[in-house]
Number of protein chains: 2
Amino acid sequence: MIVKELLKYVFMTENYLTLPSLGGHRDPAVRENMEEAKELLKYVFMTENYLTLPVSGTGTAGMETAMFNVVEPGDKVLVCVNGYFGERMCDMAQRCGGELIRLDTEWGHAVDPARVEQALKADKVKVVFVVHAATSTGVLQPLVEISRLAHEHGALMMVDTVTSLGGCPVKVDEWELDVVHSATQKCVGCPPGMAPITFSPRAEKVLGARKTKVQSFYLDMSIVQQYWGQERFYHHTAPISMCYALREALRLLYEEGLEARWERHALNSRALMAGLQAMGLQAFAQEGYRLAQLNAVRVPEGIVDANVRGRLLDEYSIEIGSGFGVLNGQIWRIGLMGYNSTARTVYVFLSALEAVLQAEGFALSPGEAVAAAREVYG
Amino acid sequence: MIVKELLKYVFMTENYLTLPSLGGHRDPAVRENMEEAKELLKYVFMTENYLTLPVSGTGTAGMETAMFNVVEPGDKVLVCVNGYFGERMCDMAQRCGGELIRLDTEWGHAVDPARVEQALKADKVKVVFVVHAATSTGVLQPLVEISRLAHEHGALMMVDTVTSLGGCPVKVDEWELDVVHSATQKCVGCPPGMAPITFSPRAEKVLGARKTKVQSFYLDMSIVQQYWGQERFYHHTAPISMCYALREALRLLYEEGLEARWERHALNSRALMAGLQAMGLQAFAQEGYRLAQLNAVRVPEGIVDANVRGRLLDEYSIEIGSGFGVLNGQIWRIGLMGYNSTARTVYVFLSALEAVLQAEGFALSPGEAVAAAREVYG
């Protein structure tokens, strides 16, 4: 656009990222940035879905946008619960008047498609909800089979990819996912504050056939999409600086390439887990279903969870997650996400944890963790 | 906190604004920033209300938070409509099951308290909603009398201060306002993306007596307040960089002082309006009820609105607002908000508008506008 070109002239630069410092949300330069963010979101979601944009709220707003736009009062909603966010989605399904069918799986385990099939046979379900990457447990949920089953029974497939997007494959079109939301601050590598979301043409049809209004004006896609679309119809004032941050994070992601990024996350996780296991710690999530970006391990017996996390933060400025809900005090959740998934992070963290655990009286052989990680890097 | 102190040591500085570049939302340094933002919000809202915080969404999310938390299905809601956002609040009141009583006033005019009283006598109303500073028309709504009437009839007083907060007096406690929301990007001088909100103890009582769940999980204050409160109960991931931006914007506001800031806005508006009138333009809003931060003038006859705005943007990088809804093509809305309310802005804008209007064939005496503005500055 003209503003960007003029700035390049003034600065005497060809830098791609030459932008006005501030613009109103109706400024053409800002609009262009928003268009680019939408296009890059299609890349990271691996989709051609027209209705792909970032919602102006955090991941929780994205969840609510997904549920509220699809579900009308009385609709049957099958929510698979194997961690904290499935639990939360049950709450949201009920707040918008959905009839909740809840399928519980032990935390730390993946959802079994056979049980989803049973539930789909027993009830005429409008939408199946699954969490792709369970932040609370470190479990990666396979989606293809559940998606196939949902469609076979005339239901939409709704997926939470808050922790997966950008860190491992999220193939919206290939896996035929219908409503997929995420967040910006995990593997996309942007500050928190927006929630990417995408709706398949199948989902758009369901939205178009609603008999009642979406119960939130702020999250009503029928209006939001006209703001983000060519209509430019005023709905709210987009969080401009967040839009710029998102576009830039996505550009970096695009330059790295999705597959290279997935491999990077996988490699650093293998190194981290090798180090942790050498230290004597045990993985929490079910084998074969472990996330690379969120590594959950059990707190060893005799060790006080909060002491270790407190020391890591105070002495090394490293923050790791505690267990949510029923897992409180029982596991640590170690994130290696986006720009933070590096060998450097792995080495620094293993060294710090080793020092802290030793100080807390845990028996280990100093140096073995880092050595094990180095072995993985080869 | 320790992190900030260590950073000061490393940087060998006593700078107040020494912060880690990034922190998780549970990081103590980030928590401290959030606490400070809350305290500074109390200052700008002129309130002692405990329940004062920024909602993690834009102003529209703030509106919805206000309405959704107060209104339960069947509650009677009196919405005063004298511009675009009153209209919008009617929609929100209905989406949460409220029984809407709508009081229309001609756009560009203030709401008459006598008519509010009539409506309050006719129905048992739970809450009265008024827009304090109408962005769509440039009208400043007096609140004290309507607030008194609302309480006399046992109703809560709910006010939209999106455009007023930080630009003119918003005396929440003195005026006994009960539910007041705003936005960050207007006179607070921060990027868009959060919505400050405050609830009086009277409003808190109403929230506590709800029989039904708030219909949005994301905006449910009973949970949101536990996240922002000492409980630190996980609800969502706050938009960290926005929290820092807000705290910094509020600090600048605090350093300037509220009264100095109001005076600055008033002075620059007087200069701008003197210039515009010297140019032959007419104010749109009712006399005696005109905003300083949003100056609405009529598009002169024979002049095409879009041409003028297009030229201002392309040739001078100045964006002014068009008329909303029924006022489309009829008025211009000229913002002088926050850091943008300066004599410099006034001079540059008057000079640019004069050039554009002349090029568009409008008859004026060159130089008179700037001279009239200079007279005001003395």
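Predicted model: local features only at pLDDT ≥ 70, side-chain atom pairs only at ≥ 80, totals over all residues.
Residues are numbered from 1 along each chain as its sequence is written, and chains are lettered from A in the order in which they are written.

Me: What makes strand β10 of chain B largely enclosed by the rest of the structure?
Reply: A residue is buried if 20 or more other C-beta atoms, placed from the backbone, lie within 10 Å of its own; four of the five residues 294–298 of β10(B) are buried, so the strand is largely enclosed.

Me: How do you know that β10(B) and β11(B) pair?
Reply: Strands (DSSP runs of E, at least two residues) are numbered from the N terminus, and two of them pair if DSSP finds at least two bridges between them. Five bridges join β10(B) to β11(B), residues 331–335, and the two run antiparallel, with B:A296 opposite B:R333.

Me: Why are β1 and β3 of chain A called edge strands?
Reply: Each pairs on one side only, in an open sheet of seven strands with the order β1-β9-β8-β7-β4-β2-β3 and mixed pairing.

Me: How do you know that β4(A) and β7(A) pair, and in which sense?
Reply: Five bridges link β4(A), residues 127–131, with β7(A), residues 156–160, in the parallel sense, and A:V128 stands opposite A:M157.

Notes: Buried ≥ 20, exposed ≤ 12 C-beta atoms within 10 Å, placed from the backbone.
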